[in-house]
Every structure is written in C-alpha cells, then in structure tokens.
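Here is a walk through one structure, element by element. Keep the sequence and the 3D view open as you read.

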Amino acid sequence: MKGARLVIFLTLALGIFFGWYFVNTYLQKKHPDWYEEPKPQEVASDTQTTQAGTQPTTQVAATQPGTVYAVGGAGKSAEIGSSQFDPGATSEYAIGLTIHPQGAAISSVTLNRLRAAVGKNESYVYQKPYQKLDPASSRSMVTQAISVNGQRVELHNLNWTLADSDQKSATYFVDVTLADGKKVRVSKTYELRAAKGDPTFGYELKMVYRYENQTAQPLVIKTFFNGPTVPAPENIRDIPEVVAGYNDQKQVSLKHHSAASLDPEKDPWDIMAQEKLPLLWTGWTSAYFDSIVRPADDNKTVFAKASAKALTKRTEEGEDFTAINFETTDLTVPAGKSASLPFDVYFGPRQRSILNSDYYASFPHGYNLTLVLTGGFCGFCTFEPLISVMVTLLGFFFKITHDWGLAIICLVIIVRLILHPITKRSQISMSKFSKFGPEIERLKQKYGDDKEALNREMMAFTREHGLSSGLMGCLPMVLQMPIWIALWSSLQSTFELRHAAFLWGITWIKDLAQPDRLIYFPNHAVKFFFLHFDAINLLPILMGVVFFIQQKLSPKPPTMTKDQETQYKMMQWMSLLFPIFLYNGPSGLNLYILTSTSIGIVESKRIRDHIKQREEAEKAGKVIVDAKPTRKSKKLDRIEPQPKKKGGFMGWLAELQKKADELQRETDRQKRKS
C-alpha cells in the first residue's frame, strides 16, 4: 500500500513539474519582458559622462589661485584591446579598455572571453563609473590631482589630451603651468598585454605615470588617484571585499574587509594601518572577479596613503558604491628631466587556473590568496584546504562527466561512502537502544527527580551494553555540515562553477551558483522578513519533502532524558528549516543536500532491513545473540578457537584496552547494585 502511494505521489509530482515547466517555457516566449531582470542603477552611461566632459577645457585653479594651474585639451575617448565577445579566445587581447579623457579614467573594462549572463552572447563588462556621485572617486583609475612642491592641482574634472592610441596602448597628457610660466607635463599610459604566450594571460595591464620637468629646478611631485570601482553583484550573496597584500619578509600577508561594513558617515578604512608591513597591492574582489592595483617596483615604497570609503549607503538591492583612494610618496623629478611611476593593474576572473599559476601565485603577487576569504559565521568551516580538495574533486568528476551537476552528485556518493560505517553504526546502535526501552523507563522512574543521577545512570547503562546516544542518527548530517558550508563557499567564489548548467543544459537549472528558478519573476519580487521571493525554486521544496520523509522513516529513540528530547526536537526543526534558509541558496548546494538526503533514506532503509533480517534469524536460532555471558557460554568460549592475538606494542595496547573496558563494566555494575 505504501509503495502504491509513493508511486502515485511521484507521478503527480512529475506531472506538476512538467506541466509548470512547459507553461513557464510558453510564458517566457509569450511575455519575455516578465522575465527580464530589473536593471540596477549602477553606473552612468559612457555617453552621459562624455557629454559632461567634452566641453572645451579652460584653466583649472589650484589651491593658490594664480600660481599653479592646468590646461586640458580636446575631450576624446580611446578604445584599446578588443570588446567583441570572443568565447573561442581567438583575439590577441583578453581585455577591451575604454578610456575617458576626464582624469584619463577608465570608463569600462570588457572581459571578452567571459559571458555577461546565462544565455546571452555578450561580453562581461565592469569598471563603469558610478552614477551621480563624486566624480573624483566614482570613476575607475581616475587621476584626482597632483601636488607640485606642496601645491595641489585638481585634474579629475579636466579633459586630458589624447597623445597616441593604437590597439595595444593609449597615452593621455595634461600640462601643469607653474608660477614662473614653466610647465610640467603629466602623461598617463595604459598598455595591454597579449593573452597568448604571456604569463599574465592578458588580464594584467600596465598603467604608467610620466612626469616631464620643463623647469630649471627639481620638483617634488605627489599623485592622487582613484582605484578600481566595485563590480556589480551577480547574486544577493555577492558582497565585495577590500583585499590588500603586505610584504612580510618576501611572503605575501593578506588582509580583507567587507565593503558592506563601510559607512559614508564613518572614517574610511585605512588600508595602510592594517599591518605594520609595506603594502604591496590592494583592490577589490567580488564573487568571481578581482581588480587589483600594484606598483610595478616592489622594492620602492610607492603608497603613502591608501584607504577605502563608502560613497553612499548600501542599496536595498545589495549594491555597494565604494572607492579606494591612493596617495603616492614624494617623487623628485630633476630639472629638465623626466621620471616615471609604473603600476600593474589586474582586471580578471578569480579563476584557479589563472591565479594559481606561477606568475600570480608567487611573490610579490600572491593573488591566489584571494581565492578563499574566510571569516564571519563559521569561518573556520571554510578553511582553504577543504575547499581546495572539494574543488579538485569536482574538477576531476567534471572531466569524466562533463557536467558540474553530475560532478556534485559524484561528490555526494564519495562522501556517503566515507560516512557509511558511521551511518551503519548509528542505525545499529539506535536499533539496540530501542530494545532496552523498558529498562531505560525503569531508570527514569527511579531517578526521575534527580536529573544528574539519571544522566549518570543512563551513561553507565549505555556503556555497559555498548550503546550510543539516541542522537547518534544525526551524526552523519552533523559531519556533513562543514562540507555543506565549504560547498556554499565554493559555489559562490569558484569561477569555474559560474554559469554552470545541470545535465548539459537540458534542465531548467542554468547556473548552479544561483537558485534553480523554475519560474522567475524578478519584476514582481516579494519580500517576507529576511526572504526575497523572486522565483519559484523547486529544489528547496523537494528538499523539504525529502527531509519530511526522512523524519517519518527515521526511528525515534524509545526513551530520552528531557535534555535529549530538547536536542532531538531542535535537530528535527533544524532539518525542516533548512529548506527555508536555503531557499535562495545556490542550486548546486541544494542539489548536493537533496541527493545526499535521498541516498541517506535508501541507505538507512537497507540497513534497517538488514537489522530486521538479522533479528528474525536470531529468533529462529540461526545466529548467536550478543548477551550477558553464562556459565555454559563461558565453557563454549574456552572450547572455541580463540582469534590470533596481536603481538608487539599494538597487541599490548589492545590487551590493556580490553582490561580497562572490563574494569569499567564491573564498576558500573557495582554502582547499580549499590
């Protein structure tokens, strides 16, 4: 009867699923606007910015008007590299860079080998300017100002002149006139590197400041410039962080700080003050991308100040508008000569195959340290070795199955096989525990008013009969929780799993790093407490059903103390609340838990069937039952051949452990008699 109900339930579930799937597919074709994600108010368009900055430039006053000023030129943008979507990696450059003349800032970075979104043949674009915010801090790599002999000249709102441009590089310049009429020419060059045959994989570009002193006196120059902008979040869990690498005796020491904790009403986060070590590099990291600025000469102290600040409050959509501001140390430029200040800027993915390469993993880079950032709740569960092993296993299974979802299922099978001895032992122990219900009930009646004595006697009773706690059945789930947390971290920070579909793209799950979104309605999202409903996610619902079935099929211990009952109920509620907490979780994680729980139900049933068959065989007299030894059994033990004892030190330890167990059992018996 139960089997028939299960078949009916599965048939109805499949019917509902396929019905919704076809209806959803039809609605997507009929009303595609219902499924478009709302565009975040992220950045100003290049056109808007250009209009603001292409007016004929005039003199820009310095701190002391009439003494030092700068004059710009025609406002002309430049594009270098390639912005054409190139998934086949055929172009020479992996990056397309658009440079705006105001402050010679970057107005966009296009990673042409990477897809912007699932199902769209568009390149990923980031490093766009923030909209309607301070122009000195809202644009990527904008030159804010320079200081000449202590006098500051603002350059961020000035159109720089385009001196030279080709596919590989572009150079802008601006002239700063001093009090004596002599000039200092400040130029800024962006230069790309080839994607093939270069250890940078084409994701690290050169940014070089050059200062030409046309006066007869040496000049001391400082430069103030902005770092990269924060990449737009790809999901609600994508919270960017400031990352900084310090020189600790030729080893890179990493510090990181969440952008969400920055507040425009508080002081900026002082990057230089986090370590009493020289700063090697700093920048932003998001779920899948890094943007890092590093002085090319690591033997010089280039940064005098570096700080991260929030330009505005974090939005309800989870966007952070934050900036990193740099101030360089004094650079002396001899009279009639020039000096340069080169930087290497990384704009690329947090991809293990790239950041673990010799170039990026070695000093002074050490960018591989940004692959796993631990911290926050249960940060100890997300330590790098566990995540690295998990990603390595997933990569191995992916090479076999060519599908990341199947790789996750293979990982489930490996973990379940490793935990099978513990699962089997817990099931057998719970089965034995249920047989001693009357004895345990008598103990509860005898010591019911004395909790301490009851717990002590219960512990003695379980040790005497070789039993484990009734909560032993929860142990496999508890042991897997670090794996779940590590998998969560892997799915939201492992670039290789970005846009990874399940079953080669034939299912509705198109991105294992996102919720499965059977039916997606981003324009009609509903908020309920801490939950954000913008889709019907099937996997968490199925997970709740499987958890319910697991609880119904799991044997409950016959008797427990009040503390044990409380813990047992908490574990029950926790398992039922998991689907709610993980409703918007990565579908890859939900797939793992759903598969693991389903296999666990089948595994537990087979173990219970085995126990039942053994008990029936024992009743039929086919199996010797473990019981308290009698005189007759002791005689039989002497007649039966004894197993060969271990020799040496291990044998001595085994014998010592055996005697200790016998002494403990005898002590427990004496206590119970008294």
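This is a predicted model: local features need pLDDT of at least 70, side-chain atom pairs count only at pLDDT 80 or more; totals for chains, interfaces and linings use all residues.

Residues are numbered from 1 along each chain as its sequence is written, and side-chain values use heavy atoms, with hydrogens and water left out.

Start with a sheet. Helices (H or I, at least four residues) and strands (E, at least two) are DSSP runs, numbered from the N terminus. Two strands pair if DSSP finds at least two bridges between them. Four strands build an open sheet here, in the order β3-β4-β5-β6, with antiparallel pairing. Its edge strands are β3 (78–81) and β6, and each pairs on one side only. From one strand to the next, the twist averages 20°; axes are lines fitted to C-alpha atoms, for helices over the stretch in contact, and angles run from 0 to 180 degrees between N-to-C directions.

Now look at strand β5 (residues 105–115). It is largely enclosed by the rest of the structure, because 10 of its 11 residues are buried. Buried means under 20% relative accessible area, exposed over 50%, and partly exposed in between (1.4 Å probe, protein chains only). Strand β4 (residues 95–100) pairs with β5 over 6 antiparallel bridges. In that pairing, isoleucine 99 has isoleucine 106 of β5 as its bridge partner. The two strands form a hairpin with 4 residues between them, and glycine 103 in the turn has a positive phi of about 70°. Strand β6 (residues 123–126) joins β5 through 4 bridges, also antiparallel. Here threonine 110 has valine 125 as its partner, and valine 109 stands opposite tyrosine 126.

Move on to strand β14 (residues 241–247). How many of its residues are buried? The count is 7 of 7. In a regular strand the side chains alternate between the two faces of the sheet. Both faces of β14 are covered: Glu241, Val243, Gly245 and Asn247 lie on one side, and Val242, Ala244 and Tyr246 on the other. Strand β15 (residues 252–258) runs antiparallel to β14, joined by 7 bridges. Glutamate 241 stands opposite serine 258 in β15. The hairpin of β14 and β15 has 4 residues between the strands, and glutamine 249 takes a positive phi near 55°. Strand β17 (residues 279–285) pairs with β14 over 6 antiparallel bridges. There, tyrosine 246 faces leucine 279.

Next, the cores. A nonpolar core is a set of buried Ala, Val, Leu, Ile, Met, Phe, Trp, Tyr and Cys residues joined through side-chain atoms within 4.5 Å. The largest has 125 residues, and Ile271 and Tyr592 touch the most other members. Helix α6 (residues 404–435) gives the most to this core, with 7 residues. A second, separate core has 7 residues, including Leu443 and Phe461.

Phe548, Ile549, Leu553, Trp573, Leu576, Leu577, Ile580 and Phe581 make a nonpolar patch of about 750 Å². Patches are made of residues with over 30% relative accessible area and no salt bridge: like charges are joined within 9 Å, nonpolar side chains (Val, Leu, Ile, Met, Phe, Trp, Tyr) within 5 Å. A salt bridge is a side-chain nitrogen of Lys or Arg within 4 Å of a carboxyl oxygen of Asp or Glu. Areas come from the Shrake-Rupley method with a 1.4 Å probe; for residues, only the protein chains shown count as cover. Helix α11 gives the most to the patch, with 5 residues.
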